[in-house]
Amino acid sequence: MLLFTPDDPQNTSRLFRFLREVNEKHGLDLESYQDLYQWSISNIDLFWSDVWDNTRIIGNKGDHVVDTQATPAKNPSWFPDSAINFAENLLSNRSPNIIAIVQVCKLCADV
């Protein structure tokens, strides 16, 4: 039983927007989720580099994503040259009208 089916997934879903961006960037003609999946497992470094860019991670991605020759059992490092600030990324899309974090410092409360 399907819980939800979008009216026009080809034009309204983030997945298909991402698929079109991948096609344009790499000169591909992927048409479906399955096509994107097959391409992603054959080109893991390109795929995950594109995911980094598409999700707008703030930081330095570095030049190397992952060793594509390493087997999963070797557990290769991912984005070993990257540098990000977790808090900056966590708070980058917050609403200017909503308080995201409140901290009370016992030492500061007496001031």
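You're looking at a predicted model, where local features need pLDDT of at least 70, side-chain atom pairs count only at pLDDT 80 or more, and totals for chains, interfaces and linings use all residues. Residues are numbered from 1 along each chain as its sequence is written, and side-chain values use heavy atoms, with hydrogens and water left out.

**Stop 1: two loops**

F79 sits in the loop between β1 and β2 (83–84). Helices (H or I, at least four residues) and strands (E, at least two) are DSSP runs, numbered from the N terminus. Check the backbone here: F79 isn't a glycine, yet its phi is positive, about 45°.

Now jump to R56, in the loop between α4 (44–54) and β1 (59–60). R56 also isn't a glycine, and its phi is positive, near 60°. Is R56 buried or exposed? R56 is exposed, with a relative accessible area of 66%.

**Stop 2: helix α2**

Select residues 14–26. That's α2, with 13 residues, and it reaches 18 Å from its first C-alpha to its last. That is close to the 18 Å expected at 1.5 Å a residue (the expected span is 1.5 Å times one less than the number of residues).

Colour F16, F18, L19, V22 and N23, which are buried in α2. Then look down the axis of α2: its buried residues fall within an arc of 155°, so they line one face of the helix. The arc is that of the directions from the helix axis to the C-beta atoms. An α-helix has 3.6 residues a turn, so residues three or four places apart point the same way.

Which exposed residues are on the face of α2 turned away from its buried side? They are R14, E24 and K25. Step past the end of α2 and you meet G27, whose phi is positive, near 65°.

**Stop 3: the core**

Show α1 (9–12), α3 (33–42) and α4 too, as they are among what covers the buried residues of α2.

Next, select F18, L19, V22, L30, L36, W39, F47 and V51, the eight residues of the largest nonpolar core (a set of buried Ala, Val, Leu, Ile, Met, Phe, Trp, Tyr and Cys residues joined through side-chain atoms within 4.5 Å). α2, α3 and α4 each give two or more residues to this core, and α2 gives the most, with three.

Finish on L36. Leaving out residues up to four places away in sequence, L36 touches L15, F18, L19, V22, L30 and F47 (contact means heavy atoms within 4.5 Å).

Methods
Buried means under 20% relative accessible area, exposed over 50%, partly exposed in between (1.4 Å probe, protein chains only).
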